[in-house]
Every structure is written in structure tokens, then in C-alpha cells.
Amino acid sequence: MGTLPDYGSYDALGLAELVARGEVSPGELAEEAIARSEAVNPQLNAVITKMYDSARAAAQKPPPGPFRGVPFLMKDLSQTVAGVPFSQGSRFLKHFVPQQDSELTRRLKAAGLIIVGKTNTPEFGLSPVTEPLAFGPTLNPWDPSRTSGGSSGGSAAAVAARIVPMAHGSDGGGSIRIPASCCGLFGLKPTRGRTPVGPELLDVWLGASVDHVISRSVRDSAAILDATAGIEAGAVYVAPQQQQPYLAEIERPAGRLRIAVTTQPLLGTTVAPECVEAVARTAKLLEGLGHVVEEATPSIDRDELLDAFFVVIAAETRRDILELAAQTGRRPGRRSFETETWLLYLLGSQFTADEYVAALRSMRAVGLRMAQFFTDYDILLTPTLAALPLPVGALQAKGIGALQQHLLAASGAARLVKAMRGFDPSVRAIFDFIPFTPLFNLSGQPAMSVPLEWTDDGLPVGMHFVARFGEEAMLFRLAAQLEKARPWAQRRPPVCA
């Protein structure tokens with residue numbers, strides 16, 4: 001362990017304030033993060049790429065941003081760091097090294113952050129649990145027999161275990177909010193187009209995927225969004241302009257909000273009693289804070305949306321693999337990918353243009369449907385997840401299902417993959433775990449998981465709040481109010497540096 005025993009009690013802005021006052025140097029903070037990673041990462045497998053030498057060099061003269069000298073971790077997905085392996089959780093890319101920073105990486109560095117490593121993620125971010133064959137599973141600091149969530153599970157585990165105060169995440173179906181819930185952290189998914197995704201790709205999953213951070217404090221999330229938000233060159237999507245800095249928004253009153261509450265599994269089938277009860281307690285808290293709370297559930301066609309999402313993800317996965325093959329000069333083959341990923345690759349060649357456009361239109365229609373729902377409400381409250389953090393391996397195909405997937409992948413018969421619908425049980429199991437979060441990736445709305453609830457045996461239960469398109473400010477004001485009413489930042493998991 002390092003020499004700063006109070007390091008884990010500070011959020012990122014708190015550490016930056018220590019640097020600004022000269023009470024600690026960026027180099028000392030980098031060494032502390034490195035020591036903490038070395039101490040607890042063997043128990044969690046959160047950090048998969050060490051960047052210690054470059055971090056020490058960067059700490060010699062970090063730029064004068066709001067987070068000057070603060071240690072940070074990048075998720076090994078969606079955003080590149082020049083000269084550092086970019087595997088995206090895949091054996092196919094284990095030795096792929098990009099030669100430029102992505103735009104978001106440049107903005108994070110300009111904010112003064114010191115990147116000390118990269119975190120674990122499922123292959124191509126396709127799973128809500130972080131268990132890639134390439135690197136092994138990331139375990140939950142609150143209970144190492146359980147998942148840390150996905151796809152930003154490595155980042156969440158590292159933040160919860162006090163390696164760094166916040167870390168990068170991306171969210172294409174809940175991948176910031178899911179691990180934030182599993183690990184007892186604050187995780188905001190910004191509005192579509194709020195943060196940059198390029199320059200390699202300017203449209204990820206038809207705008208469903210966006211990038212931000214997982215943090216312990218609300219103010220860190222607000223301040224880093226101030227530093228990274230803004231249009232990038234060639235942007236496909238543009239979020240409404242913010243009226244004032246988000247960091248200033250958290251000082252403003254939340255007002256009297258109209259809040260809809262539902263525990264109906266929008267894209268799944270069941271919700272665990274612990275999650276239902278946690279929502280009920282949160283609803284009472286909100287009423288006590290002066291908000292108007294009533295039960296209301298958005299109307300959606302679950303099967304239509306699941307089918308549409310699946311078509312688009314399969315097509316995008318195939319295109320991603322083909323483009324990465326061209327970049328690396330490697331030929332894609334079944335043994336280089338996990339079974340489910342290879343099946344998606346095969347399946348992605350089987351949809352007609354008509355099927356793809358139909359899926360696109362179904363996904364786009366969600367935005368209008370949600371906009372209509374939010375004419376009557378300011379906020380929607382749901383559980384973040386339909387269950388407590390799952391045991392490691394719970395979502396892996398087993399028995400006949402696993403055998404069927406293996407045989408389909410080995411056959412290479414793309415038409416058979418489509419005809420057999422061998423994915424259906426696995427897909428349904430995933431959405432039974434995450435029935436709430438993906439809907440708002442499709443609509444593009446901002447949403448956040450807030451660590452307000454805990455089980456009697458100490459497992460976190462995230463509460464999920466959604467606002468209108470472009471209304472991160474409202475979420476930050478509400479989050480700050482909830483953070484003050486029911487503080488969580490000083491809770492520490494059993495596995496903690």
C-alpha cells in the first residue's frame with residue numbers, strides 16, 4: 001500500500017484540491033494508485049493493462065485542468081490510448097496497439113487526469129457481466145463470488161475498491177449503470193451525442209452507446225462531464241446545449257419533480273423482491289423530499305424491441321470484426337472469438353436490408369414514445385437491475401444450450417444460426433437481468449444509477465432515474481439532493497485498498 005492512508009476517503013475533485021494546495025504531488029497520487037492496484041487487483045482482476053511508466057511520466061507535468069494530477073483508469077473498450085494495447089476484451093485483439101488517442105481520451109488528459117491503466121470488459125462489451133475468456137472475470141468487491149456487472153465492470157470494481165476515485169465507462173445498453181449498481185457507485189449515462197465517440201467511429205450502435213465515467217461522488221461525474229462534453233468534428237448526433245456548468249447545477253435546488261415509478265420489467269419477465277422493496281423505500285424518500293410520486297409504466301412492445309436490438313447488434317458486431325480484421329491484417333476465425341460473439345458475426349450476414357431498416361425504425365420509435373411519456377413526468381424511477389449482482393458464471397450458456405451454440409459456431413452455417421434461433425435463451429436471460437437500462441440507450445435519454453439501497457447482508461441495489469432528452473442537469477440536481485439525504489460515499493466493500 002502507498003503512504004497516503006486517507007487517499008480512499010477523497011473523491012477526484014478532493015484529490016485535485018490537495019494537489020492545488022500543494023499538500024500532495026501528482027507523482028505521489030500516481031504512486032498511491034499504483035500501490036493500491038498492486039494490492040487488491042489480484043483479488044478482483046479489474047485492471048488488465050498497467051500503464052505505470054507512462055503515468056509516472058505524465059505526473060511530472062500534468063495540464064492545469066480541474067482534475068490535475070488525479071489518477072484515472074480507462075476501460076479497454078470504445079476509446080483508444082496511443083501506444084497502449086486495445087483488446088476490447090477479445091483474444092483476437094490482444095496485441096493490437098492503436099497509434100492515436102481518441103477524442104475523449106484527449107479531453108480526459110486535458111482535464112489533468114493521469115491514466116494509470118486500463119480495465120477489464122467483456123468481449124466487445126456484449127455482456128452485462130465482465131467475464132471475458134481473454135482475461136478472466138472481474139469480481140465484485142462487495143462479494144467476490146458475484147459479478148461486478150458489465151460491460152464497465154473492471155472500472156466499477158476498481159473505483160469501489162478505492163484504486164482510483166473514478167474511471168472511464170461506456171454504456172450501450174446499461175454498461176455504466178449496471179456495474180455502478182452492482183458495485184455501489186454513481187453512474188450516469190449522458191444524453192446521446194453529449195460526449196465524443198470518435199474519431200475512429202462516430203456512430204456506435206446507432207447512437208445507443210455513449211461514454212462517461214463511474215464515480216463515488218455526484219460532483220465528480222458533473223465536473224468531468226463539464227470537461228468532456230461538446231461536439232466533435234463530424235459528429236452524427238448533437239445533444240441540446242447545456243445552460244450552465246453541471247458542477248454548478250448540483251448546487252441548485254432540485255425543485256418539486258413529478259416522478260413516475262415502476263417495477264414492471266420493461267424488457268424482462270420478473271423483478272426480485274429485494275429490488276421491488278428498494279424502489280418502494282426510495283419512493284418514500286422522494287415523497288419526503290417534496291416530490292410528487294405516482295406509479296406509471298411506459299408502454300412498449302417488448303418482443304419487437306428485443307428483436308430489433310438483436311438485429312442491429314449482430315450487424316454491428318459483424319462489421320466491427322471485419323473492420324478490425326482489416327486494421328490488424330488478421331483473418332477472423334471461430335477460435336479467436338467467444339462462441340456467442342462468433343455466432344453474432346455469422347448471424348450479422350443473414351439479415352436483409354429490409355430487416356435492418358425495420359429494426360432501425362423500431363428502435364427510433366422508442367424516442368418518440370418516451371418523449372410522449374415524459375410530457376406528464378419529469379423523472380422515471382425503476383430499479384437499475386431486476387436482481388442482485390449475479391453469481392459469476394450465471395449468464396454463461398450451460399447444458400444443451402451451450403452444446404447447441406458450440407455446434408452452431410463450429411458449423412459456420414450462418415443460415416442455420418438464424419433459423420435455429422439458438423441465441424434466444426441467452427438473450428432472454430440477459431434482458432431478464434437488465435430489463436430497464438437498454439430502453440434509454442435506444443431513446444437517447446440521460447439516465448443514472450444511484451447507490452441508495454443495500455441488502456441486509458451488504459449488497460448494493462442501485463436505483464435508476466431517467467430524465468427527458470438533454471436533461472442531465474435535472475438528474476444532477478436530484479442526485480445531489482439524494483446524496484445529501486442518504487450519503488453513500490464512505491461505504492467500503494470487504495475487498496478494499
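Reply: In helix 1, the buried residues are Ala 12, Leu 13, Gly 14, Leu 15, Ala 16, Leu 18 and Val 19, and since this is a predicted model, that list and everything below describe computed coordinates. Helix 1, which spans residues 12-20, is mostly covered, with 7 of its 9 residues buried. Those buried residues pack against helix 2 (26-44), strand 2 (71-75), strand 6 (166-171), helix 7 (218-228) and helix 8. After helix 1 comes Gly 22, with a positive phi near 80°.

Helix 8, one of the partners of helix 1, leads on to the aromatic rings, of which the structure holds 10 pairs. Trp 142 and Trp 454 make one of them, with 4.8 Å between the ring centres and 55° between the planes, and this pair is tilted. The two residues are 312 apart, so to speak, in distant parts of the chain: Trp 142 belongs to the loop between strand 4 (139-140) and strand 5 (143-147), while Trp 454 is in strand 12 (residues 447-454). With buried taken as under 20% relative accessible area, Trp 142 qualifies because its value is 12%, and Trp 454 qualifies because its value is 13%. Tyr 246 and Phe 476 also form a tilted pair, because their ring centres are 5.5 Å apart and their planes stand at 50°. This pair again links distant parts of the chain, 230 residues apart, with Tyr 246 in helix 8 (residues 246-249) and Phe 476 in helix 17 (residues 472-485). Both Tyr 246 and Phe 476 are buried.

Elsewhere, Phe 92, Phe 124, Phe 337, Trp 342 and Tyr 345 form one aromatic cluster. Arg 318 lies over the face of Tyr 345, at 4.3 Å from the ring centre. A further charge over a ring involves Lys 94, whose charged end sits over Phe 135 at 5.0 Å from the ring centre.

Trp 205 is placed in the loop between strand 7 (186-189) and strand 8 (210-215), and it counts as buried because its relative accessible area is 12%. Although Trp 205 and Glu 316 are 111 residues apart along the chain, their C-alpha atoms are separated by 6.6 Å. Thr 341 is in helix 11 (residues 339-347) and is buried, because its relative accessibility is 4%.

On the side of helix 10, the contact is made by Glu 304, Leu 305, Ala 308, Phe 309, Val 311, Val 312, Ala 315 and Glu 316, and on the side of helix 12 by Glu 355, Tyr 356, Ala 359, Ser 362, Met 363 and Val 366.

How values were computed
Residues are numbered from 1 along each chain as its sequence is written. This is a predicted model: local features need pLDDT of at least 70, side-chain atom pairs count only at pLDDT 80 or more; totals for chains, interfaces and linings use all residues. Side-chain values use heavy atoms; hydrogens and water are left out. Rings of Phe, Tyr and Trp (its six-membered ring) pair if their centres lie within 6.5 Å; planes under 30 degrees apart count as stacked, over 60 as edge-to-face and the rest as tilted. Helices (H or I, at least four residues) and strands (E, at least two) are DSSP runs, numbered from the N terminus. Buried means under 20% relative accessible area, exposed over 50%, partly exposed in between (1.4 Å probe, protein chains only). A charge sits over a ring if NZ of Lys or CZ of Arg is within 6 Å of the ring centre and within 35 degrees of the ring normal. Contact means heavy atoms within 4.5 Å.
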